[in-house]
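Q: I would like to go through this structure with you, starting with the strands and then moving to individual side chains. Could you take my questions one by one?

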Amino acid sequence: MKATRLDTRTSNARTLRGVAFSVAVLGCTSAAAAQEEQKLFIEGDIVRGNTPSGNTGPVCVLANQFKRRENVIFRIRVRNAMGQPLDDKGLKSLVVELSDGKKIPADYRARPPVAVRARLGLTGPIDYFWSSAWLIPADYPTGSLTYRVVATDMQGNTQSWEPMKDLRSLPMVMPGEVEYTK
């Protein structure tokens, strides 16, 4: 009888240890699943870009004031929770959404573009990042506008980012005619 009680106690202890182990494994599985839905970290800026009609000022220089028919370039970098940049194999899509509802898809590319590298005598890219171009329509209203960036990972999870809401730093469409240089 004593041996049976000891066997029962040992068996119960093993069962409790097994349950505790199962809970621990399930907890780790939940943590792993949470990591799959990782947060993305987005940063970006806006610069003036060239246009088919020519340049309207220095290109790839930080700017927030633009005239109609100028090209606004949104430059974006997305990093995972480990701080690693995500390219087009790490993200399903990246879209810039303007406050008027217009959605502009971004592309992941080497920078500067090949033609610029040739002019500068560069043998290869300096950087890689996401970019999106918006050529301001000739009839677009003047004033500031907001935007946000929406990144979608390969599992379909989304993360959005918006710049600071200071009107002095948001993109602003200014009145006046644009002048092009070649």
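This is a predicted model: local features need pLDDT of at least 70, side-chain atom pairs count only at pLDDT 80 or more; totals for chains, interfaces and linings use all residues.

Q: What is the strand order of the open sheet of 3 strands?
A: The order is β2-β11-β8, and the pairing in this open sheet is mixed.

Q: Which strands stand at the edges?
A: β2 (65-67) and β8 (143-144) do. Each has a single partner strand, so one side of each is left without a neighbour in the sheet.

Q: Moving to strand β4: how many of its residues are buried?
A: In strand β4 (residues 91-98), 6 of the 8 residues are buried, so the strand is largely enclosed by the rest of the structure.

Q: How does β4 pair with β9?
A: The two pair in the antiparallel sense over 7 bridges. Ser93, for instance, has Thr152 in β9 as its bridge partner.

Q: And with strand β5?
A: β4 and strand β5 (residues 103-105) also pair in the antiparallel sense, over 3 bridges. Here Val95 stands opposite Pro105 in β5.

Q: What lies between β4 and β5?
A: The two strands form a hairpin with 4 residues between them. Gly101, in the turn, has a positive phi of about 100°.

Q: Which backbone nitrogens does the side chain of Asp153 reach, then?
A: There are two to mention. A polar atom of the Asp153 side chain lies 3.0 Å from the backbone nitrogen of Gln155, and the side chain also reaches the backbone nitrogen of Gly156 at 3.0 Å.

Q: Now the rings. How many aromatic pairs does the structure hold?
A: It holds 5 aromatic pairs. One of them joins Tyr108 and Trp130 edge-to-face, at 5.4 Å centre to centre and with 65° between the planes.

Q: Where do Tyr108 and Trp130 lie?
A: Tyr108 is in strand β6 (residues 107-111) and Trp130 in strand β7 (residues 127-135), so the pair ties together parts that are 22 residues apart in sequence.

Q: Is each of the two buried or exposed?
A: Tyr108 is partly exposed, with a relative accessible area of 23%. Trp130 is buried, at 4%.

Q: What is the geometry of the pair formed by Tyr147 and Trp161?
A: That pair is edge-to-face, with 6.3 Å centre to centre and 65° between the planes. It links distant parts of the chain: Tyr147 belongs to strand β9 (residues 147-153) and Trp161 to strand β10 (residues 158-161), 14 residues apart. Tyr147 counts as buried at 8% relative accessibility, whereas Trp161 is partly exposed at 22%.

Q: On to Arg75. What does its side chain join in a polar contact?
A: It joins the side chain of Asp45, at 2.8 Å. Arg75 lies in strand β3 (residues 71-79) and counts as partly exposed, at 22% relative accessibility.

Q: What else does Arg75 touch?
A: Beyond residues up to four places away in sequence, it touches Glu43, Gly44, Asp45, Val47, Cys60, Leu62, Phe129 and Trp130. The C-alpha atoms of Arg75 and Phe129 are separated by 7.0 Å, although the two residues are 54 residues apart along the chain.

Q: Last one: where is Glu70, and is it buried or exposed?
A: Glu70 is found in the loop between β2 and β3. It is buried, with a relative accessible area of 3%.

Q: What does the side chain of Glu70 reach?
A: It reaches the backbone nitrogen of Lys67 at 2.6 Å. Leaving aside neighbours within four places in sequence, the contacts of Glu70 include Arg48, Thr51, Trp134 and Val178.

Note on methods:
Residues are numbered from 1 along each chain as its sequence is written. Side-chain values use heavy atoms; hydrogens and water are left out. Rings of Phe, Tyr and Trp (its six-membered ring) pair if their centres lie within 6.5 Å; planes under 30 degrees apart count as stacked, over 60 as edge-to-face and the rest as tilted. Buried means under 20% relative accessible area, exposed over 50%, partly exposed in between (1.4 Å probe, protein chains only). A polar contact is a pair of N or O atoms within 3.5 Å; within protein, one must be able to donate a hydrogen and the other to accept it, and residues adjacent in sequence count only if both atoms are side-chain atoms. Two strands pair if DSSP finds at least two bridges between them. Contact means heavy atoms within 4.5 Å.
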